[in-house]
Structure formats: C-alpha cells, structure tokens
Amino acid sequence: MLVTAIEARPLRSLDRVRVELAPGIVSVIGPNGTGKTNLIEALYFALTGRSFRTSDRRDLIPFGGSLARAEATVRDEDGIEHQLLAAVSRSEGRRHLIDGSPADPATIARARPPVAVFAPDRLTLVKGPPAERRAHLDGFIAARWPARAELRKRFGQAVAQRNALLSRLAAGYGSPADLGIWDSGMAEAAAPLVEARAEAVADLATAFNEAATELGLDEGALEYAPRAAGSTEEIRAGLEERREQDIRLGRSSWGPHLDELKLNSAGRSLRRFGSQGQQRAALLALLFAERQALLEARRVVPLLLLDDVMSELDPGRRERLVNRLGDGGQVLITAADEESVPVAALETVVRMPPPQTESAAP
Ligand SMILES: Nc1ncnc2c1ncn2[C@@H]1O[C@H](COP(=O)(O)OP(=O)(O)OP(=O)(O)O)[C@@H](O)[C@H]1O
Ligand SMILES: [Mg+2]
C-alpha cells in the first residue's frame with residue numbers, strides 16, 4: 001500500500017495544491033511558514049480524518065473560508081488506486097469518503113497504510129499522562145493485528161458499564177450482587193487486551209533499544225507495566241477482591257485502564273527525568289520500532305511523517321536516522337533547508353511553497 005499523491009484544496013494556507021509522492025523518502029523543503037507542516041497535516045487528515053495538531057478540525061479551514069478538504073491517492077497491493085477524502089465544513093460538519101462514498105472508520109483503516117507522526121509537540125506522548133501511551137500502544141496493536149483492533153473499544157465499554165453500576169452503588173442505589181456480571185464482563189475484555197499489549201511490547205522492545213542507542217539514548221528500554229495480569233479468571237477474582245473499595249470510590253480502581261507503557265533510559269523514567277533531547281530520541285525510537293515491526297509483518301507499508309526532526313539532531317544522528325529509514329517504508333520529512341537533510345534523503349524533494357495546480361477539481 002502506497003500513498004501516491006496528496007491534494008489540499010484547500011487546507012489552512014494551502015489552496016489547490018497537489019503533490020505526487022514517491023515510494024521511500026520524500027523530503028519537503030521550504031522556508032518557515034510555507035506550508036510544510038500543513039502539507040503533512042493534509043495527508044494525515046485525508047488518511048485518518050483527524051489532525052495531529054488540533055482536536056478541533058475546523059482549525060484546518062483557511063482563514064475566512066468555510067471548508068477544508070484533503071484527498072490522498074492510495075495504491076493497494078493489487079495496484080488499484082483509491083481516493084480517500086476528508087473534509088470539514090463550518091455548516092455541514094465533517095466527512096470521510098473512499099472513492100466518493102462514506103465509509104466507517106474500520107473500512108477506512110483497512111484502505112490506508114498505518115500512519116505515524118513525529119512532530120516537536122508530540123513529545124507529550126513521552127511526557128504526558130499514561131492514557132496517551134495506552135492509546136498509542138493500542139493503535140499499534142490495531143495496525144499490527146487488525147483482528148485485535150476492537151479490543152480497546154470492547155474493554156472501554158466493559159469498564160464503563162462496571163463504573164456506571166459502581167457509581168450507582170456509591171450513591172446508595174442498586175445491589176452489589178449485580179456486580180458479578182460486570183466483573184466477568186470486564187475481566188473477559190481485559191485479559192485479551194493485556195495479552196495483546198504484552199505481546200506488542202515484547203515485539204517492540206529490542207528494536208526500541210537499538211533505535212534508541214543509535215539516536216544516542218543510553219540503555220533505552222520499553223516496558224509494559226500492567227495493573228492487572230493473568231487469565232480472565234484471575235482478573236475476575238482480582239476485581240471481586242477490590243469490590244468494596246471500588247464501591248466506596250464509585251469506580252474501578254484496578255485494571256488495564258490504568259496500565260502504563262514505560263519509556264526508560266538507564267533504568268530511569270524518561271517521562272519524569274528525561275531531557276527534551278532524550279524524550280525526542282525515545283519518541284523517534286518508539287515510532288521506528290513500530291515501523292520495523294509492521295514492515296517485518298509484511299502486511300502493509302507504514303507511512304511515517306517526520307515534521308522538523310532534522311533541526312533538532314546533530315549531523316551524525318541525522319545520518320543514522322536516514323539510514324534507518326531506507327528500509328522500504330514510506331516517509332515524508334520536512335525541513336526548512338536542504339543543508340540539514342542528509343544526501344540520502346534528497347532523492348525526491350518537494351519544494352515549498354508549491355505551485356498551485358490548475359488541474360485540481362474545484
Ligand atoms: N487555518 C489557516 N488558514 C490559513 N492559514 C493558516 C491557517 N493555519 C495556519 N496558517 C498559516 O499557514 C502558514 C504555513 O504554516 P506551516 O505550519 O505549514 O508552515 P511550515 O512551512 O511548517 O513552517 P515552519 O518551518 O516554521 O515549521 C503559516 O503562515 C500559518 O500562519
Ligand atoms: Mg512546520
């Protein structure tokens with residue numbers, strides 16, 4: 001699966017811009033403020049229906065405009081091209097279409113490559129609360145094993161149901177005996193999720209350590225710290241044990257909704273003690289490890305968007321990063337100047353600002 005073109009028409013500062021993408025590394029180069037980040041945001045938006053910069057998609061609408069739209073062309077394994085179009089409008093809300101027809105998120109996810117983003121402000125994944133890392137890990141699980149994509153949602157529903165009863169019990173309504181069924185439901189949803197997370201981290205740990213070392217991080221380690229582990233029965237028993245406490249609190253105080261994905265260097269938490277540069281290296285190492293795992297699984301070609309990563313690295317690390325990217329996956333790298341991009345990444349260059357295309361549909 002390969003993205004062969006991206007069109008923004010319009011999106012933020014980009015008006016009717018079409019860029020053809022090659023396999024491998026594409027470097028997007030241009031001075032500050034010329035729309036480099038907007039271009040990769042347009043690509044991310046077309047593929048996922050979301051932005052990695054903002055939770056309010058209406059920010060993508062050009063100043064004074066009423067609509068933002070981005071379209072990606074994706075070529076599948078059989079060489080057939082599909083159009084993925086995402087749009088957000090002030091009056092009509094948002095749409096996400098494949099070949100002109102609305103599609104549900106699961107169908108869209110199957111029609112596009114898994115996409116990961118590095119941007120300087122994405123360091124919150126390393127620095128921020130555990131919930132972000134859990135969501136990220138579950139996203140990797142969905143990309144690596146599509147059959148497990150629903151585990152996160154299913155568990156979320158189970159814990160919400162148990163919590164609803166707990167909050168009623170805490171308020172003095174209902175009967176504690178009813179918790180039995182929700183304990184079982186939550187345990188049944190928890191066990192396969194915990195197993196998938198453990199497998200995913202085992203899958204990533206070595207590659208993470210290698211990539212981290214290459215990027216100058218000392219003894220980088222990725223570690224899964226589950227709150228509840230074991231079989232469905234063991235987790236169910238654990239929930240039963242905590243019932244009284246949970247009724248008092250009015251919520252579930254134990255389970256995979258409290259898991260942590262730890263990123264460490266030399267045995268210390270990078271979240272708590274890492275420098276900015278170390279946290280950046282850890283984020284890159286995590287994205288690289290995921291990419292490598294997806295490439296090795298050979299099901300899909302992952303797409304990596306690296307926004308402004310070069311300016312933050314010394315020349316040696318830039319070279320090593322680009323060498324690592326020559327692995328058969330697709331990558332877009334943005335940079336303000338060519339000098340900061342190793343030659344190996346300059347085979348395909350997109351200059352910003354791009355010329356406006358006349359051919360783009362209105
Ligand atoms: N909704 C919007 N409508 C129109 N223009 C916008 C909108 N949001 C942002 N912009 C403008 O888009 C321009 C390009 O922004 P972008 O972040 O893509 O630049 P860039 O090339 O990545 O720059 P840098 O090298 O500084 O990261 C900026 O001038 C910004 O003010
Ligand atoms: Mg930028």
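Which residues in H5 meet which residues in H6? The close-ups below take up this question and a few others, all in a predicted model.

**View 1. Helix H5 packs against helix H6.**
Let's start with the two helices themselves: H5 covers residues 151–170 and H6 covers residues 179–214. From H5, the residues that take part are Leu-151, Arg-152, Arg-154, Phe-155, Ala-158, Val-159, Gln-161, Arg-162, Leu-165, Leu-166 and Leu-169. They meet Leu-179, Trp-182, Asp-183, Gly-185, Met-186, Ala-189, Ala-190, Pro-192, Leu-193, Ala-196 and Arg-197 in H6. Sorted by class, this contact has 15 nonpolar, two polar and five charged residues. The axes are 9 Å apart, and the angle is about 150°. Angles over 145 degrees count as roughly antiparallel, so that is how H5 and H6 are described. Their crossing is left-handed.

**View 2. Helix H6 also packs against helix H7.**
Here H6 meets H7, which spans residues 232–241. The angle is about 135°, with 8 Å between the axes. H6 and H7 are therefore oblique to each other, and their crossing is right-handed. On the H6 side you will find Asp-183, Ser-184, Met-186, Ala-187, Glu-188, Ala-190 and Ala-191. Their partners in H7 are Thr-232, Ile-235, Arg-236, Leu-239 and Glu-240. By class, the contact of H6 with H7 has six nonpolar, two polar and four charged residues.

**View 3. Residues gather around ligand 1.**
Which of the 16 residues around ligand 1 come nearest? They are Asn-32, Gly-33, Lys-36, Thr-37 and Arg-53. Look for the side chain of Asn-32, where a polar atom lies 2.8 Å from an oxygen atom of the ligand. Lys-36 likewise has a polar side-chain atom 2.7 Å from an oxygen atom of ligand 1. With Phe-63, the backbone takes part: one of its polar atoms is 3.0 Å from a nitrogen atom of ligand 1.

**View 4. The loop between strands E1 and E2 holds Pro-10 and Arg-16.**
This loop runs between E1 (2–8) and E2 (17–20). Find Arg-9 and Pro-10, which are joined by a cis peptide bond with omega of about -15°. Then move along to Arg-16, whose phi is near 50°, a positive value in a residue other than glycine.

**View 5. A cis peptide bond joins Met-352 and Pro-353.**
For this bond, omega is about 0°. To find Pro-353, look in the segment after strand E14 (348–351).

Notes:
Residues numbered from 1 in each chain as written. Chains lettered and ligands numbered in written order. Predicted model: local features only at pLDDT ≥ 70, side-chain atom pairs only at ≥ 80, totals over all residues. Heavy atoms only, no water. Axes fitted to C-alpha atoms, helices over the stretch in contact; angles between N-to-C directions. Helix = DSSP H or I, 4+ residues; strand = E, 2+ residues; numbered from the N terminus. Parallel < 35°, antiparallel > 145°, perpendicular 65-115°, else oblique. Left-handed = near helix turned anticlockwise from the far one by under 90°. Contact = heavy atoms within 4.5 Å. Nonpolar A, V, L, I, M, F, W, Y, C, P; charged D, E, K, R; others polar. Near = heavy atom within 4 Å. Polar contact = N/O pair within 3.5 Å; in protein donor to acceptor, adjacent residues only side chain to side chain.
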